[in-house]
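Here's a quick briefing to read with the structure open beside you. We'll look at how the parts meet, then at what sits inside.

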Amino acid sequence: MLPDEAQLRALRDAHPALSPARALRHLTARWLGAHPHLVMHGAGNTSLKERGQDGRWTLWIKASGRDLGSLAVDEHLPVDLDLARALLAREDLCDRALAAALALPGRPAPSLETLMHAQIEAPWVDHTHPEAVLSIVNGPDGAEQIAALLGPGTAVVPYARPGLALSRAVQRALRPGVRRLVLRHHGLVTWGEQPEDSLRDTLRAVRLAEGLLRPLSPSPAGPDPAQGWGQLRPYLERLLPGDALAWGASEEDLALAAAGVTDGASPTTDHLARTRPWLLDGADPARPGTSASPEQLAGALARWTARYQAYLDHHLPPGIHPFPARPRVITLPGVGLVGAGGSDREAAVALDLGRSALRVRARAPHPLVDLDLGELIAMEYPDA
Ligand SMILES: [Zn+2]
């Protein structure tokens with residue numbers, strides 16, 4: 001969890017301008033990013049409040065969209081803490097004006113969640129999207145359940161769009177005595193006076209939530225998944241021309257493909273632009289646990305496309321260019337999981353995010369509640 005002395009020394013030898021606290025922030029952020037059950041592919045953000053020699057406080061906040069697991073040393077960006085807190089008080093602010101006010105010349109944009117971090121008093125703040133916590137809080141009585149589970153000091157924040165809306169929802173939730181936040185349909189925020197206080201609180205929440213999850217049932221034994229993939233792949237390539245495909249067939253992938261939980265939206269909304277709101281269920285409806293025939297797959301794809309098109313027609317604001325109406329994650333019971341994308345990298349990312357979404361849903365003790373379609377589209381098309 002915490003880096004050892006040798007790691008810290010090596011980092012500071014390579015980057016002499018880095019303070020000890022910033023070196024620790026960098027390494028603990030990367031530690032969080034090395035755990036895909038907590039965050040993956042650019043999700044989550046971390047910060048540190050540090051007092052300079054001039055007495056002013058700086059909020060070092062992760063750059064927007066950067067991946068915690070491969071974060072570079074200069075990707076915690078310096079924001080004046082007083083400025084960030086003053087912005088929160090401005091009623092006339094919109095997300096665009098906020099981004100402009102926080103922009104640093106020649107540097108990447110600070111995280112969209114900068115104001116959420118700024119208003120928490122403690123110096124060390126970690127925001128992750130733990131799958132186990134989402135499996136509980138996104139359930140029908142999820143807010144009550146997670147608050148009871150994590151105990152006093154837990155505030156559950158109703159869903160709000162990342163950026164100003166979420167920062168204001170957090171402002172309402174931060175009453176005296178609140179020590180952690182669970183963000184519905186989004187994730188977890190922990191903090192502390194020391195880095196280990198915050199990290200331990202994240203791990204504690206995950207451990208307690210894990211205790212309520214259902215075990216994943218293994219996939220029934222069947223023919224060789226590789227053989228099934230060999231047969232279906234050419235058809236999928238024809239159905240999704242030009243797309244790269246990534247196939248996963250670990251024991252977990254096979255169990256998730258057979259879990260029957262494809263009919264739901266991605267449980268953490270910032271993956272939507274890469275997963276689309278729904279997965280394509282490639283099961284044979286007549287033979288549970290086995291994948292569709294090529295003809296059934298074509299039919300399932302046609303139904304998926306019609307559903308996506310109707311969603312765009314009803315909810316996408318005019319003037320916004322839609323993504324191609326194609327699924328990015330496909331479940332094939334007995335064969336595995338498939339990610340699709342414009343490149344091998346995009347396909348691999350879609351596979352990772354799809355697997356994560358399926359884990360949240362398959363292990364939840366109750367069927368999850370989805371956000372309404374207007375909220376899904378707002379996250380899938382954030383510039384709309
Ligand atoms: Zn987040």
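This is a predicted model: local features need pLDDT of at least 70, side-chain atom pairs count only at pLDDT 80 or more; totals for chains, interfaces and linings use all residues.

**Domains and where they meet**
- The chain splits into two stretches, with domain 1 running over 5–210 and domain 2 over 225–380.
- Going by C-alpha atoms, the centres of domain 1 and domain 2 are 30 Å apart.

**The largest nonpolar core**
- The largest nonpolar core has 82 residues, and V133, V182 and V338 are the members that touch the most others in it.
- Helix α14 (residues 344–363) is the top contributor to this core, giving nine residues.
- Both domains take part, since the core draws at least three residues from each of domain 1 (5–210) and domain 2 (225–380).
- As background, nonpolar side chains tend to be buried together in soluble globular proteins.

**A look at V338**
- Skipping neighbours within four places in sequence, V338 is in contact with L236, L245, A246, W247, I330, L332 and L351.

**A second core**
- There's also a second, separate core, made of eight residues, with L32, V39, L68 and L71 among them.

Note on methods: Residues are numbered from 1 along each chain as its sequence is written. A nonpolar core is a set of buried Ala, Val, Leu, Ile, Met, Phe, Trp, Tyr and Cys residues joined through C-beta atoms within 7 Å. A residue is buried if 20 or more other C-beta atoms lie within 10 Å of its own, exposed if 12 or fewer, and partly exposed in between; C-beta atoms are placed from the backbone. Helices (H or I, at least four residues) and strands (E, at least two) are DSSP runs, numbered from the N terminus. Domain bounds come from an automatic or database domain assignment. Two residues are in contact if their C-beta atoms, placed from the backbone, lie within 7 Å.
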